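Dear colleague,

Please find below the structure that I am handing over to you.

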Amino acid sequence: MFNWYFRANLPLRVLIGLVLGVFAGLILKDKVIYLKPFGELFVRLLKMIIVPVIILTLISGASNIEPSRLGKIGIKVFIYYFIALAFATTIGLLAGNIFAPGAGLNLQGTHPITLKHLQAPSIIDVLLNIVPTNFIEAMAKGDILPIVFFSLLFGIALAFIRDSKNEKLKASAEVLFQILHSSTEVIFKMIRWILEYAPIGVFALMAYTIGTVGPKAVGPLAYVVLVVYIALIFQIIIFYGGTLSLLKVNFWKFLKKAQEPFLMAFTTRSSDATLPVTIATAQEKMGISEAVSAFTLPLGAKFNMDGTTLYEGVCALFVAQAIGLHLTLAQQLIVILTAILASIGTAGVPAAGAIMLLLVLNSVGLKVEPGKPETLAYAMIFGIDALLDMARTATNVLGDLTATTFVAKLEHEIDMSKWS
C-alpha cells in the first residue's frame, strides 16, 4: 500500500514534507501541538544512532588503513587534509558570522524553556577532556570528543594488529575487523530506515515551527542555502585554486577535467558512489599514478570532508543565532575542532553530514533534544539538507582530487603532458 512512498525520491519527499509543513503550520496555527510528537520521534531516532555511528565508522575507517602505506604519502595527504578541513570550517564560521542567517528568528522567545548562556571551557580544558577517563561514561553522557579519540586510537591499533607478522594475532584481528565492518553496514541500514521516516518528521517539526514562530521562518531557509553556497564557492576558488596555483597546475583545466565526478557527486549526493569515477578521472584525465590515486582518493572519501565541515560551521551558527545565543571565539574554536574530528566519521552517503551536525552542536552545548528550541532550528536545516548536501558533496570530491593532485605533484607521480 505504501510502495508509492518508498519508491519516490527521498530528497524530493523531504522537500515536499518541508513545504507541506510550512502550509500546515500557517493553517493549523495553535493546533500544530498535536503534530509535535511525530517530530520528536524523528529527533529521538537520530539521537539513538549517533554514538554507534561514531564508534563503528571511526574504528572501521581507521583500521582499514595499512600502516605500511602511512609513509611519506600518508603524512603529506593527512597534513593537507587537516589544513583543508580547518580552512573550510573557518570559512563556514566566518560566513555564518558575517551573513548571520539565523538572526532574528528568535525561536527561544517562542518556547517555554529558558536557556542559560553557554559557558565555554578553555581550549586547554577542551584538549585535556578529549582523553576520556572512563570511555563507558563518555558513551553514556554522549561526550563526542572523547568517543572520537578512543575510537580513532582503537582503530589505528587494530590496523597495526591486522598488519602483524604473528599469523594467529593477525587472524583474530581480521575477524574483529569483519565484525566491526558488518556492524557498520547494519548501522547504515538503520540510518536508511530512519531517513525513510524523515519526510514525516520534517513535516511535523516544520509545521510546529511555523505554527509557533510564523511565516518569518521561511526567509532564513533560503538565505542559509545562499550563504552555504557562497562559502563553498569561496573554498573552491581560494583554497583549491590557491593550492593548485602554488603547484603551477592550471586551476581552470583542473575544473574542466573534474567536471564529471563533480556533477555525479552533485546529483548522487554520495562521495562513495562517485569514487570509481573520481579515481578514473584522476588516472586517465589528470595523469596521476595509480600508486597515489588508489591510496589518497578512497582515504579522502572517508576522511576529507571539506564541504561538510564548512556546512557544519555555517549551520552551527545558524542554530545558535536562531535561538538568540552568541557563540564565543572559544566555542567557535571548539566547533572547528569537533567538525574536523567528526568529518573522519562522516559516511560518504546522502544526509550523513546532517547527522554529524548533531555532534558539532552537542560539542558547544546546543543539544538537539525533544522539546528544545535547538530542535526546531535543526529541523529547518534538515528540511533543506538535500539542497545543501548536493553542493557540499561535490565540494568534498573536488577537495579529494585537489589533495591527490597536490601529493602527486610533490611525489612526481603525475604526467603533466595530460595538462598541455
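**Findings**

Of the contacts in the protein with a separation of 6 or more, 84% are between residues 24 or more positions apart; contact here means heavy atoms within 4.5 Å. The model is predicted, so local features need pLDDT of at least 70 and side-chain atom pairs count only at pLDDT 80 or more, while totals for chains, interfaces and linings use all residues. Residues are numbered from 1 along each chain as its sequence is written, and side-chain values use heavy atoms, with hydrogens and water left out.

The protein has 18 helices and zero strands. These are DSSP runs numbered from the N terminus (helices: H or I, at least four residues; strands: E, at least two). Of the 420 residues, 55% are buried, that is, under 20% relative accessible area with a 1.4 Å probe and protein chains only (exposed is over 50%, partly exposed in between).

Helix H4 has 28 residues and spans 40 Å from its first C-alpha to its last, close to the 40 Å expected at 1.5 Å a residue; the expected span is 1.5 Å times one less than the number of residues. Just after H4, Ala-100 has a positive phi of about 45°.

The axes of H4 (residues 72-99) and H9 (residues 218-246) come within 10 Å and cross at roughly 145°. Such axes are lines fitted to C-alpha atoms over the stretch in contact, and angles run from 0 to 180 degrees between N-to-C directions. Residues making this contact include Phe-87 and Ile-91 of H4 and Phe-234 and Ile-238 of H9. By class, the contact of H4 with H9 has 15 nonpolar, two polar and no charged residues. Nonpolar covers Ala, Val, Leu, Ile, Met, Phe, Trp, Tyr, Cys and Pro; charged covers Asp, Glu, Lys and Arg; the others, Gly among them, are polar.

H4 also meets H13, with axes that come within 11 Å and cross at roughly 35°. Among the residues in contact are Val-77 and Tyr-81 of H4 and Phe-295 and Leu-299 of H13. The contact of H4 with H13 comprises nine nonpolar, three polar and no charged residues.

Ser-293 lies in helix H13 (residues 290-303). Ser-293 is buried, with a relative accessible area of 0%. Its side chain is joined to that of Gln-283 by a polar contact of 3.0 Å (a pair of N or O atoms within 3.5 Å; within protein, one must be able to donate a hydrogen and the other to accept it, and residues adjacent in sequence count only if both atoms are side-chain atoms).

Yours sincerely
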